[in-house]
Amino acid sequence: MNAKEQKKLEKLQKMRHSMAHVMAGAVLKLMPEAKFAIGPAIDNGFYYDFDLPRKLTNEDLATIEELMKEIIKENLPFEKEVLSRAEALEMFKDQPYKVELIQELPEDEEISIFRMGDAFVDLCRGPHVEDTSRLNAQGFKLLSIAGAYWRGDEKRPMLQRIYATAFGDPKALKAHLEFLEEMEKRDHRRVGKEQDLFSLHEEAGPGLVYWHPKGARMRVTIEDFWRKEHYKNGYDMVFTPHVGKSWLWETSGHLDFYKEGMYPNMVMDDVNYYAKPMNCPFHIMIYKNGKHSYRDLPYRWAELGTVYRYERSGTLHGLLRVRGFTQDDAHLICTPDQMQSEISEVLRFSLFMLRSFGFSDISAYLSTMPEKSVGEKERWDAATESLRKAIEDEGLEYKVDEGGGAFYGPKIDLKVKDTMGREWQLSTVQFDFNLPDRFDMTFTDNDGQEKRPYVIHRALLGSIERFFGVLIENYGGAFPVWLAPTQVRVIPVSEKFEDYAKKVERSLRAEDILVDGDYSDDRMNAKIRNAQNEKIPYMVVVGEKEMNDSAVSIRVRTGEQLNGMPLDDAISMINEKIAKKEMP
RNA sequence: GCCUCUGUAGCUCAGUCGGUAGAGUACGACCAUGGUAAGGUUGGGGUCACCGGUUCAAGUCCGGUCGGAGGCUCCA
C-alpha cells in the first residue's frame, strides 16, 4: 500500500469509527439503559457491541438508521477531553464494560473521552471527524444483528452486535452493496444447489459432503490432474486405512493433544479404534515397515486421504468447513542434505498447481518457532531458513509470523486471492520434528550411523472439498472448459435432427469431451436458455444446414456465435481450450 | 457450544384476525416440430421440521427438541 492509499484508508477508518459513535448515540436514544462495549471500524464498515434490556429486531435497525440520520443532521461536534483514571472511572461507573477497559489501560496511557455534542460520550482514543456534518447520511447501511461474546470469550456475557457498512459517498456504498449481492450469487452453497454439484444432509450427519454426479465429475477431473502431476513430479501414491487402533494415536500423540478434534472411539474386540483426523501416522507406518538407506531418500508419498475431525456445529459452513474431508496430502521424508531442494521443489510445485486452477495472485506466510516447541533449535533454524530461501527464490511476497509455527515445526502457508479479491489459505508446507521422534524413524547414513530423517507434511489444494468450494466461488459457477462438468450441450433445432445431434454427441464423446444432448420437447429457445443458465461452456446447435455440411453451429457461453464450423474443427478448438485450461 | 434470525411441494416463496394449503418453477402426459435466453393445455405431488400444550378448531398462539443462516478474530 502506498502513502496515498494509506491516507485514504485512515480517513475512511476515522469516518467509520465516528459512525460507530453515531450509532451508539442512536441506540442510547432508543434504549437509555444500554450498556456499551466496543465499537471499532472494520473492513468495509464498523460495528458496535451493546448489552441491551431486550433483543434487537430488524425493525430496530431501520429505527436506529433513522435516528442516526437525525444525529448526523444536527452537526454535533466531536470533542476530546483528557481525564484522570479516577475521573474516568467515576464518569463510566454505570458502564461495566467501559470500567473494565479503563482498569486494563496501562498506567502511563492517556485516558481520553470523546463527546458527540450531548448525544453520546464514549471512552475513546480517537481520532474522529470534527463534527457529524462530515459524515454522509446516505453513505452507510446497517447490515445485521449478531451475537458476540464480550471480548470474544465464550465464558463472558453474550452481547448484541450491530454490523454496518459505511463508505465516504453513496456511490461507493452502492458499489459495495452490489458486491455483497454478487457474493451471494456466487455462494458455493447456492451454486452447488443450482448446478446440482453436491449436498449436505443434516439427518445423515452434518458437515459430511455428498458429491452428486456433476460435482463428482469435476472432482475426478481435479484428482486425475493432481495424480498425473504428482507422478510427473517424482511422487508415489499410497493408500492407507481410515481407522487405526489407539496404539497408533497414542504413539503419534494425537490422543494427548488432539482428542477433542477427533471422532469418538469405536470398540471392536475390546480395542479402541479411531477414525483418522490426519494421514501422517499411516504414512509413517509404511516407512517403519523396513530399513532405509540415505540412498533411498527422499521419499515423496502422496495420498488423497479422507480424514474426519470434530468441528463445533456452529462453525460448519457448506464445503468450506466440514467434518469429513479429503486432504491432498503428501509426506516428504528426506536427509538434511536434501531438505533445501525438496522445499524449493514443493513450493514450485505448489505454485504450479494453484496457477493451473487460475489463481495467479499468491502470497506466502512464513511461521517460525513458537515458545513451546519440540526439536533442537538447530533443526528449527535450518528448516526455517530453507523455507525462507525457497520463498525468496520464487520471488513471492511474504509475511513472517514470528513464533506462529506449530509446536512441532515451522511452516509456509500460501494464500490466493480470488476474482472477487477475497483471500483463501490453500497450500501448506510444514516441518514435523515431533512424529519422527515419537515413531523413532531412522535411516542409515553413508557413515553407517542411524539418523533421523526430516519429515515434511504438505497439502497443495488443502482439502478437495474446501478447494472445490473456493473454485465455485472464484468462478461463480462459470468454470473454465477443462473443469466444467458438462463441456458441451448438443441442441437439435427440432426433433428431425435428433439423429445427427446424437452422431455429433458420439463424435465429441469419442474425443473425451464431456457432452450431453437436450432431446426434451422444449423449444430450442428454452434449451438455449437452460444451457446458458447452467453455464455450460459450449452449446452446439444442429439443424438442416449443419447436417448437410457435417458441421455444427456453436453458441459460446459468452454469447459469441460460431456458425457452420466443420465438426472436426469444433473438436480441435474445444480440445485446445481444455488442454490450455482456458475459459471458453 | 453460545446469541439472533429462521424451518410450508424437489427448488424459490405466499398464506391476513386461529376455521383442515396456494403460486411460480421443476416433474409426468398430451398438443405444437421449432434457427439462438421461457410455446400451449393438463395432471400428480404436502403428517406445514419433530414432540407436547392452549383451543370447539393450530401452518398460524405457547413450551421444548432437531436442523439451517448470520455472528462469536478486528479493542477504549
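In the predicted model, a base nitrogen of RNA strand B lies 3.0 Å from an N or O atom in the side chain of Arg 555, a polar contact in the sense of a pair of N or O atoms within 3.5 Å. Tyr 149 also reaches a base, with an N or O atom of its side chain 2.7 Å from a base nitrogen of RNA strand B. The model is a predicted one, in which local features need pLDDT of at least 70 and side-chain atom pairs count only at pLDDT 80 or more, while totals for chains, interfaces and linings use all residues. Residues are numbered from 1 along each chain as its sequence is written, chains are lettered from A and ligands numbered from 1 in the order in which they are written, and side-chain values use heavy atoms, with hydrogens and water left out.

Of the atoms of RNA strand B that come within 4 Å of the protein, 50% belong to sugar and phosphate. Helix 16 (residues 524-533) supplies the largest share of this surface, seven residues; helices (H or I, at least four residues) and strands (E, at least two) are DSSP runs numbered from the N terminus. The surface near the RNA comprises 19 nonpolar, 15 polar and 20 charged residues, where Ala, Val, Leu, Ile, Met, Phe, Trp, Tyr, Cys and Pro count as nonpolar, Asp, Glu, Lys and Arg as charged, and the others, Gly among them, as polar.

The largest pocket has a volume of about 1,200 Å³. Pockets were defined on a 1 Å grid over the protein atoms alone, with a 1.4 Å probe, as open sets of points with protein on both sides within 12 Å along at least five of seven lines, and lining residues have an atom within 4 Å of a point. Of the 40 residues lining the largest pocket, Tyr 258, Met 278, Arg 309, Phe 325 and Gln 327 are the closest to its centre. Elements giving two or more residues to this lining include helix 9 (254-257), strand 16 (324-334) and helix 14 (464-475). The lining divides into 15 nonpolar, 14 polar and 11 charged residues.

The second largest pocket, of about 790 Å³, is lined by 35 residues, of which His 17, Leu 123, Cys 124, Arg 125 and Gly 126 are the closest to its centre. Helix 1 gives the most to this lining, with seven residues. Its classes are 14 nonpolar, seven polar and 14 charged.

The domain assignment, automatic or from a database, divides chain A into domain 1 (3-182), domain 2 (224-241 + 276-475) and domain 3 (488-579). The centres of domain 2 and domain 3, taken over C-alpha atoms, are separated by 43 Å.

Two backbone features fall in loops. The peptide bond from Leu 297 to Pro 298 is cis, with omega near 0°, and Pro 298 is in the loop between helix 10 (280-287) and strand 15 (299-308). Asp 196, a residue other than glycine, has a positive phi near 55° and is placed in the loop between helix 6 (188-194) and strand 9 (198-201).

Technical notes. Near = heavy atom within 4 Å. Polar contact = N/O pair within 3.5 Å; in protein donor to acceptor, adjacent residues only side chain to side chain. Points joined across faces, edges and corners; volume = space filled by probe spheres on them.
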